[in-house]
Amino acid sequence: MVFDHDCREGICGSCSLQINGEPHGPDRLITTCQLHMRKFNDGDTIVIEPFRAKAFPVIKDLVVDRSAFDRIQQAGGFISVNTSGNTIDANAIPIPKSDADNAFSAAACIGCGACVAACKNASAMLFTSAKVSQYALLPQGRVEATQRVLNMVAQMDQEGFGNCTNTGACEIECPKGISLENIARLNRELLSAQLKG
Ligand code: SF4
Ligand code: FES
């Protein structure tokens, strides 16, 4: 029986399993590797399945291919920095504390895919919105913001993820507490980019 794991401390996002019908099992705000057997009783039957989504094809047993997330990241999850000698030190750019905090919270997404597995539409909106928000809130990310959101959403659709219907299951199952506010921000960023285009 094969399954993915790596860090065993909740930061790599590879140990993604559906346990008793819930991504990462019955506890909140943890990954599978942080779930203790003491959560279950002696004699319990524990049902473990791979995450199910058209965009996450099963490779073998409990291992699914989540490279669709990598391709969404590659479509815009980066900033371009001028290294010609005129680069401004990031720490020298004033940023409102609330923006810095919200960007940091969005950056906590570990790309585990629980949001997709939890969603009845297998939507990747929470993941994509976290990646878009991480940059949209910071001045360094504003430079390429228009193209970033257009490209990442286009890639998300191309990968076969479903549409968001505001069910909210993603937020409940996310081990990193990524908020639905990020989806609202993504929708605002997308609308603004489409109006410019
Ligand atoms: S938004 Fe949450 S559930 Fe989705 S990939 Fe990121 S950490 Fe995992
Ligand atoms: S093994 Fe890395 S998050 Fe679980």
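Colleague: With 197 residues, what radius of gyration does the protein chain have?

Modeller: This is a predicted model, in which local features need pLDDT of at least 70 and side-chain atom pairs count only at pLDDT 80 or more, while totals for chains, interfaces and linings use all residues. Residues are numbered from 1 along each chain as its sequence is written, and chains are lettered from A and ligands numbered from 1 in the order in which they are written. A compact globule with 197 residues would have a radius near 16 Å, by the rule of 2.2 Å times the number of residues to the power 0.38, with the radius taken over C-alpha atoms. The protein chain agrees with this, having 18 Å.

Colleague: What percentage of the residues of the protein chain count as buried?

Modeller: A residue is buried if 20 or more other C-beta atoms lie within 10 Å of its own, exposed if 12 or fewer, and partly exposed in between, with C-beta atoms placed from the backbone. Of the 197 residues of the protein chain, the buried share is 37%.

Colleague: Which residue in β3 stands opposite I19?

Modeller: Two strands pair if DSSP finds at least two bridges between them. Strand β1 (residues 18-19) joins β3 in the antiparallel sense over 2 bridges. In β3, the residue opposite I19 is I48.

Colleague: Which element gives the largest share of the shell around ligand 1?

Modeller: Among the 14 residues around ligand 1, C109, C112, A114, C115 and C174 come nearest; a residue is near a molecule if its C-beta atom, placed from the backbone, lies within 6 Å of it. Two or more residues of the shell come from each of α3 (114-118) and α4 (125-136). The largest share, 3 residues, belongs to α4.

Colleague: How many residues of α4 are buried?

Modeller: The helix α4 reaches 15 Å from its first C-alpha to its last, close to the expected 16 Å, where the expected span is 1.5 Å times one less than the number of residues. Its buried residues include M125, F127, K131 and Y135. Helix α4 is mostly covered, the buried count being 12 of 12.

Conventions. Helix = DSSP H or I, 4+ residues; strand = E, 2+ residues; numbered from the N terminus.
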